[in-house]
Every structure is written in structure tokens, then in C-alpha cells.
Number of protein chains: 2
Amino acid sequence: MSTVSRQFRLAARPVGLPKDSDWEYREEELPDPGEGEFLVAVSHISLDPAMRGWMNDARSYIPPVGIGEVMRAGALGEVVASRHPGFAVGDHVSGAFGVQSHAISDGQGVTEVDPSKVPLPVYLGVLGMTGLTAYFALLDVGRPQAGETVVVSGAAGAVGGVAGQIAKLKGCHVVGIAGGAEKCRHVVEDLGFDACIDYKNEDVAAGLKTHCPKGIDVYFDNVGGDILDACLARLAMHARVVICGAISQYNATGKVTGPSNYLALLVNRASMTGMVIFDYVERFPEAAAELAGWLAEGRLKAEVDVVTDLATFPEALLKLFRGENTGKLVLQVAA
Amino acid sequence: MSTVSRQFRLAARPVGLPKDSDWEYREEELPDPGEGEFLVAVSHISLDPAMRGWMNDARSYIPPVGIGEVMRAGALGEVVASRHPGFAVGDHVSGAFGVQSHAISDGQGVTEVDPSKVPLPVYLGVLGMTGLTAYFALLDVGRPQAGETVVVSGAAGAVGGVAGQIAKLKGCHVVGIAGGAEKCRHVVEDLGFDACIDYKNEDVAAGLKTHCPKGIDVYFDNVGGDILDACLARLAMHARVVICGAISQYNATGKVTGPSNYLALLVNRASMTGMVIFDYVERFPEAAAELAGWLAEGRLKAEVDVVTDLATFPEALLKLFRGENTGKLVLQVAA
């Protein structure tokens, strides 16, 4: 038997927003799995802002995707052939299978998931890297205490939505920042944030003044740019700024806009700290168990935005940068 | 008896570099000290980059100096009249006496100093706020470990020179950044840094690459701007950036230049933290004792740059922003 994998490979390093010509679509015949390998039929692909960074030829926390390589992505799938003792045909698995319909894996970094417990895409969201990122970035780097004020940008996005919900679980006053009235409604009514500032239609600084009367103790930044600056200007003493992402800057063609108000760190004896989820691998099981518990108890909502058809990948990815998704954006391989 | 104090008062909020018209020189008759007060004849005034910030009408770590008020400054002097049980005529004292020749004090924040141990101006430098700032910013915020690479900007300045020397005492590889060949020579030959990059005549990024082959573990920033950006680009994993000052930005008439490379914090899981020396008041005695010990043992050099004549204050202050001082800049009141 032989399998054809439909793949998106990186064809060129994008300048600004990735365009169609930055991708090469290819139908590649995969070899049969060798000893210790298995074949996965990919069902769902995680679409993440971080993918934009992986396309740049720059030193980062992970090597860039090489030109001509299948685009890196977290994904879910079902094992359809196996010569690996730990994975059997029919197993549902999560791993870095890339933007393609089928993948050969040796099992490294692959975990089994159980579709009877939660809908599959949730394993890319709250119960995947997204939820883990929110968990460790908020709790380990932000270290919020009950009663403190936590502000989360990208609050209607995948990581932000989870981070704010966890901050609520920890007894914090939680203010989101999101783009558009509908997203803000969702953040407050569905996710339970105390307030949400619509940066597209409101003055963010004024909103922060209203909703954070005692200043911001933890700012969970997913966006960078002007919103980071507005939050810096509103820090409380000894505030912690968590740099989780900077989606407003990922497609910059010139220099990244640095935070002009960074001296607020000095005035407030505050810190700004970056995090990368890969550092927490050893603690994934404990965190995943806690997240699953909250989810099962209904204390955490798992918002997933599923778009369909692998062929639409180049366009689907852009939804992230256009702010068109609410919650975790997942590409279902089937049309 | 009555005493005339020659004073510099803040006349206007400066735009950019302070100019003569931002100051009012006044000869003010002081009242006799009341019960619990004493009169100080000021001998030496500390000139600090931070003074520029105190002139702005902005929320900061300390209220701004009001228009019409004597300019705030740390200073040394001799008690010449006293109705305070803790201070006797002839005592040498250190306190926030301001930019003036005489001051009435109630003793708050005033400490006695001993001119027989070290030259008086050293009590404004290594054994004053300058040394304490370097000590706590480096050791408490930067937390350098032996063998790590520490980079200090403003290395020929008051705080930077002490910070780098302490880092050397702690067994670090220490690289300074300073403006001009003579300053760099001083930083290496006199202060004992391992290397110094002349930002006026060298490519800072290239210099950092040469002198920090394993990256920067602690960056002690006194300057902000392009140099902060160059250092961010060279951070090691888990690096600590200490925001102690930003002299390149204090006279900016537009927006402060934020660090464009701040996402290096994410890539390297690094932190950038501000500090204000006033938070460490309770630990001043322990730190001052340790600094005095190092000084007595000859393990720490106390570089002081004394300029004379209170009347020259407006011009003397600008030496800081023109980079004309080496070590602690002190204004001797006598001509």
C-alpha cells in the first residue's frame, strides 16, 4: 500500500503577511512506515500566530522551517498503519504532524487523545499547547494572587481566552482586550471576564483606567504594539508583564515597534518576562490534568473555531492575523 | 543670626535639555532652626541623571519637583547650628538638602558621614545612593552568578562603574559600554572590567559578539535606546535585564524610543525588570557596610568627578547628558 499526503510546504520566506506564493502545495507519496514508525491520517491542524515566526530565517526559540519543508504545525489524527509498539491502528494521537493530510511518525512528542471525553479539536485548544501555554504563562510567569487585577490582550483568541478564565478561577479581577463588540461580548458573557475593552472602537487607555482602578498587577500580552504600551502606562507597583506573543508585530516589514512606555517597569519596579511553552514539558501532565478537571467541572470553556478543508490552509492561516477567529482556530483536513 | 541660602529653584518644566531659563537663582533668607531642627552648610551636591526625571510633571516613583521649589538633590554638608538632639554643630551629614548653599533639616533621611575615612564626595558616590543603587540593582535584580557574562552600559558613569566592579568581585566576565576611547581605557584599566565597547566609535553589536561569545546573562542598563536594543539582541537564555536608567531618553522631546528587540525576552525566556533604590532603605546599612569594606580593601575604586561653584549648577548638570563626566559627578558648593 502507498499513501499520498497532501502537503503545504514553505516555498519562500514571507515579507509581511504570507501570500499564496510563499506556499507550495504538493501531493507526496509517503513510504510505508518502517520499524518503530506509524502512519497518521491527520484530521485537525492547529493554526497558531507563532507559525508566522517559524517562517522567518531568524534565531528564535526553535529553528525556522526550511524552504521546501512541510510547514510545521501541531495536529491530531488517527493511526492507520503501525509498526510501533506504542501506537495501534485506530489510536487518536496528537503531535507535530505538520500541515499535511498524512504523516509518518516515530512517536516522538506524540500523545494519545481520547475523543470520547471531549471533541477532538479541544485537544489542540484548552487541552493542547494553547491551554498549556495559557496555564504556565499566567501561573508561573504572571503569578497572579487572588484579588489582583489581570489584563489579557487577544482575549477572544485561543491562549488569551484560556488565560483569562484561569485568572478568574484564581480569584482575580480580569479585564480582556479584544477587537470588536461581538468578541468583547463573548469574552464577558461566555468566558466570564469581568470586562472587555474593544480596542477597535474604544480608547484602550481610558478603558483600562475605568476597569483597572488600582492599576494592572499582571498583564498577559499576546499582541504587543500600542496595546502593550497602553497597559505599561497603567501598571501597578511590582506588576508582572508576561510576553506570550506579539501578533500585531509578526507581519511587520520594518522594525518591530518596541514598547515606548517600557520605563514604566522602572517607575513601578515591575518586570516583563518572556516565556516559551517548551520549557515546561516535564510539567505538562500535571497541568493537562488540572485543565481537564476544570473543563469537566464546567469551570473552563473550550472555545474552538473550526474551519474546513486542508486546501484552504494559506487563507485560513490569515484569519489569525486579521483577527477573524474567536477561540482556538483549527483547520479540519476534510472539506 | 540669619543665614542666606543661595538656591536654584525650578522655574519651568524643561522641554529637552534643561536650559538656563528653566532655573531661578535666588538668595533666600532662612529662618533660624526651630526646635528639633538644624542648619546645614552644604558642601557638595550630587548631580544625577535621575534629576531630569524629577523636573517632569509626570507620574513617577517620586513626586515631581514643583515649579518654584528648590531643586531636589542629595548633598553633603556640615551642621552649623542645631536644636536637634541627634545632630551637633560640626557634624558632617548626608541628606536631600537640595541645590542650595544652606538648608534647614529636621533630620529625616539624614545620616552622619565621617570625612576622616574617605574623601567627602565618596559619600555621594560609592558610599551613597550611587553605590547602593549599583549594589541592589546588580545583586538583587540582576542576580549574577560567577562565570556569567555581565554587560554594563554607562560603564564610565557613576552607577555603571560601581556595578561593573561589583560584578567582577562576584566572579563575572564583565563588559562595559562607554562613549570614547579614554572612558573605555578607564573602565578597563582603572576599574578592571574585562573589556569596554566604545559606542561612539565602534559597532556595539559587533563588540558584544566579540566580548560576549556565550551571550549576555545580565545586562545592566543605564542608557536605553539603541544600546539597549543591541544588548537585547545578544541575550543568553534566562537573561536578566536590569532597567536602572535610560539617560539617552531623558531629554527626548517626542516619545521615548522603546526597545524594538524586546521579543528577545520571549525567545530567551528572559526578563526585564525596573528598580528604584528607595525600596531598599531597610537594607542600606548592610550594603553600605559591604561597600565600605570593599573600598577599604582596595577592591572597589571610588571614582569622583568634582566640579566647583554652586553658581555653575545649570551648566554642570548638563555634563551628565553630554557624557562629559567620568565617575560620580559632584558639584562642590565653594568656587
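This is a predicted model: local features need pLDDT of at least 70, side-chain atom pairs count only at pLDDT 80 or more; totals for chains, interfaces and linings use all residues.
1. **A nonpolar patch on chain A.** A:Met129, A:Phe278 and A:Val281 together make a nonpolar surface patch of about 250 Å². One of these residues, A:Val281, lies in the loop that runs between β13 (271-274) and α8 (284-296) of chain A. With a relative accessibility of 46%, A:Val281 counts as partly exposed, because that class covers values between 20% and 50%.

2. **A:Glu78 and its surroundings.** You will find A:Glu78 in strand β4 (residues 75-82) of chain A. A:Glu78 has a relative accessibility of 34%, so this residue, too, is classed as partly exposed. Leaving out residues up to four places away in sequence, A:Glu78 touches A:Leu39, A:Val40 and A:Ala41, as well as A:Gly90, A:Asp91 and A:His92.

3. **A distance to go with it.** A:Glu78 and A:Glu324 are 246 residues apart along the chain, and 29 Å separates their C-alpha atoms.

4. **Two packed helices in chain B.** Helix α2 (residues 129-142) and helix α8 (residues 284-296) of chain B pack with their axes 10 Å apart, at an angle of about 100°. Angles of 65 to 115 degrees count as roughly perpendicular, and α2(B) and α8(B) are therefore described that way. On the α2(B) side, the contact is made by B:Met129, B:Gly131, B:Leu132, B:Tyr135 and B:Phe136. Their partners on α8(B) are B:Phe284, B:Ala287, B:Ala288, B:Glu290, B:Leu291 and B:Trp294.

Methods. Residues are numbered from 1 along each chain as its sequence is written. Chains are lettered from A and ligands numbered from 1 in the order in which they are written. Side-chain values use heavy atoms; hydrogens and water are left out. Patches are made of residues with over 30% relative accessible area and no salt bridge: like charges are joined within 9 Å, nonpolar side chains (Val, Leu, Ile, Met, Phe, Trp, Tyr) within 5 Å. Accessible areas come from the Shrake-Rupley method with a 1.4 Å probe; for residues, only the protein chains shown count as cover. A salt bridge is a side-chain nitrogen of Lys or Arg within 4 Å of a carboxyl oxygen of Asp or Glu. Helices (H or I, at least four residues) and strands (E, at least two) are DSSP runs, numbered from the N terminus. Buried means under 20% relative accessible area, exposed over 50%, partly exposed in between (1.4 Å probe, protein chains only). Contact means heavy atoms within 4.5 Å. Axes are lines fitted to C-alpha atoms, for helices over the stretch in contact, and angles run from 0 to 180 degrees between N-to-C directions. Angles under 35 degrees count as roughly parallel, over 145 as roughly antiparallel, 65 to 115 as roughly perpendicular and the rest as oblique.
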